[in-house]
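Thanks for making the time this morning.

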Amino acid sequence: MLGALRRKVATGRSSASILGKSLQAIRPGVSASRVSSNAGKEMLSVQLRGIAHVRSFSHLGLPGCSAGLIKTRDTICIIQPEAIMQTSCRAFSSGDGDLVDAVVPFMGESISDGTLATFLKKPGDRVKADEPIAQIETDKVTIDVVSPQDGVIQEYVAKEGETVEPGTRVAVISKSAEGVAAAAPTEMKSEKAASEPSPPAEAVKEDKPKAKVEASPAAAKPKAPSPPPPKRTASEPVLPPKERERRVPMTRLRKRVATRLKDSQNTFALLTTFNEVDMTNLMKLRSDYKDAFVEKHGVKLGFMSGFVKATVSALQHQPIVNAVIDGDDIIYRDYIDISIAVGTSKGLVVPVVRDADKMNFAEIEKTINNLAKKANDGTISIDEMAGGSFTISNGGVYGSLLSTPIINPPQSAILGMHSIVSRPMVVGGTVVPRPMMYIALTYDHRLIDGREAVFFLRRIKDVVEDPRRLLLDV
């Protein structure tokens with residue numbers, strides 16, 4: 001109809017008469033001037049459904065409808081911002097815009113799902129934006145689910161122990177806390193209903209005689225005495241009752257560690273060689289320069305940096321230990337990334353010191369301290385644990401004297417450090433006490449021969465016992 005009006009206006013007819021005639025045919029008895037004005041208003045109200053059509057219609061010259069056109073422009077100015085505002089809110093809110101969803105974040109390219117381990121907040125607690133409200137446990141790390149905005153937790157949609165994927169709704173957050181306040185009276189009613197007194201006991205007593213009368217005569221006969229329980233023989237073990245046992249499901253991290261270690265045993269031809277290291281010179285070096293080291297670098301000088309530097313030197317002398325088997329090929333790595341095994345309360349994690357061959361003692365100590373702190377806090381990322389060409393495991397911090405570590409796939413070897421114990425040693429024909437440490441190298445015998453393994457461990461022993469070799473490269 002609007003196109004027909006435009007064509008008629010173009011031929012020279014009056015817009016008012018055209019509208020008047022058109023609407024008089026529909027509504028007899030209405031004056032032309034009134035019809036033209038009302039027609040403009042009615043068509044404006046119809047065309048307001050689409051803003052683009054309202055703009056096109058507002059350019060028509062309609063006598064007597066100037067007020068209506070002005071109102072149309074005002075309406076456009078009023079409606080358009082509201083429409084834009086509503087459109088922008090729908091992507092972030094549900095319902096009337098007061099509720100927002102807290103969802104599982106992206107957990108990494110190699111992680112497709114996780115287990116909802118625990119809720120850090122309760123329904124009704126007030127939270128701030130980016131504040132953790134739940135934890136997702138994956139095969140490698142623990143990830144926090146945070147609140148998208150300030151508000152109050154209305155409810156948890158997911159349950160603890162469920163397997164969730166990125167984007168899964170975990171909780172509903174009320175920005176104004178109205179949803180939580182509305183739910184409170186309902187809970188109060190349910191509590192009152194539960195606390196109502198039970199029916200009087202007299203009614204229950206009245207039913208008991210009836211039950212006795214209706215009982216069959218066969219039920220009144222005495223039962224045959226049950227046979228005595230069989231006596232246990234002396235050879236049968238007496239097991240503790242099941243009530244004294246607890247069954248707890250394994251965490252995803254523990255299951256992942258168990259799977260990888262068992263795969264390591266099934267895949268590699270594991271063999272371990274041992275040696276012992278005199279820690280006298282390294283301990284003296286640390287004692288002489290520990291204060292100056294802390295003052296300059298802001299970190300304590302430990303034994304790990306010395307063993308990392310010794311391992312780098314050994315890997316450079318025996319590059320086969322840094323290699324790995326891939327099908328029918330051997331991949332030689334021209335970089336040295338040292339993985340450091342860290343035991344946490346939730347399980348074993350192995351962060352990586354990247355390009356350890358390019359670091360000095362201070363940089364190694366800072367990197368290890370930072371990674372260990374993140375591992376214990378549960379904030380370490382997947383990227384910080386990915387890769388690694390060789391692993392060092394220090395069981396000596398727990399008092400281990402000797403062990404055979406298991407290779408961390410897909411690496412080919414692992415170094416085990418142990419506790420320092422003062423033992424009598426023969427030095428220059430004299431028996432003297434020395435701080436000694438056993439070191440162990442577990443390697444994949446499919447790739448590494450015993451000769452290379454012994455030379456590798458011997459190089460670590462030489463460098464630790466005489467750190468000056470690092471300066472002279474001998």
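This is a predicted model: local features need pLDDT of at least 70, side-chain atom pairs count only at pLDDT 80 or more; totals for chains, interfaces and linings use all residues.

Let me begin with Lys-373, which is exposed, with a relative accessible area of 54%, where buried means under 20% relative accessible area, exposed means over 50%, and partly exposed lies in between, with a 1.4 Å probe and protein chains only. Residues are numbered from 1 along each chain as its sequence is written, and side-chain values use heavy atoms, with hydrogens and water left out.

Lys-373 is found in helix H11, and here helices (H or I, at least four residues) and strands (E, at least two) are DSSP runs, numbered from the N terminus. Between Lys-373 and Val-342 there are 31 residues in sequence, with a C-alpha to C-alpha distance of 9.9 Å in space.

Which helix does H11 meet? The axes of H10, residues 303-317, and H11, residues 361-377, come within 9 Å and cross at roughly 115 degrees; those axes are lines fitted to C-alpha atoms, for helices over the stretch in contact, and the angles run from 0 to 180 degrees between N-to-C directions. On the H10 side, the residues that meet H11 are Phe-303, Met-304, Ser-305, Gly-306, Val-308 and Lys-309, and their partners in H11 are Phe-361, Ile-364, Glu-365 and Ile-368, with contact meaning heavy atoms within 4.5 Å.

Thr-142 is buried at a relative accessible area of 15%, and, leaving aside residues up to four places away in sequence, Thr-142 touches Gln-135, Ile-136, Glu-137, Lys-346 and Gly-378. Ile-143, also in E5, counts as buried because its relative accessibility is 15%. With residues up to four places away in sequence again not counted, Ile-143 touches several residues, among them Pro-105, Met-107 and Ala-134. Ile-143 and Thr-379 are 236 residues apart in sequence, yet their C-alpha atoms are 7.7 Å apart in space.

Some backbone details in the loops also deserve a careful look. Where is Asp-130 placed? Asp-130 sits in the loop between strand E3 (126-127) and strand E4 (132-137), and has a positive phi of about 65 degrees although it is not a glycine; at 59% relative accessibility, Asp-130 counts as exposed. Asp-355, in the loop between strand E15 (352-353) and H11, likewise is not a glycine and has a positive phi, of about 50 degrees, but Asp-355 is partly exposed, with a relative accessible area of 32%. In the loop between strand E16 (390-394) and strand E17 (413-417) we find Pro-410, and the peptide bond leading from Pro-409 to Pro-410 is cis, with omega near 5 degrees.

Finally, the chain as a whole. Its secondary structure comes to 13 helices and 19 strands, and 35% of its 474 residues count as buried. Of the contacts in the chain with a separation of 6 or more, 62% are accounted for by residues 24 or more positions apart.
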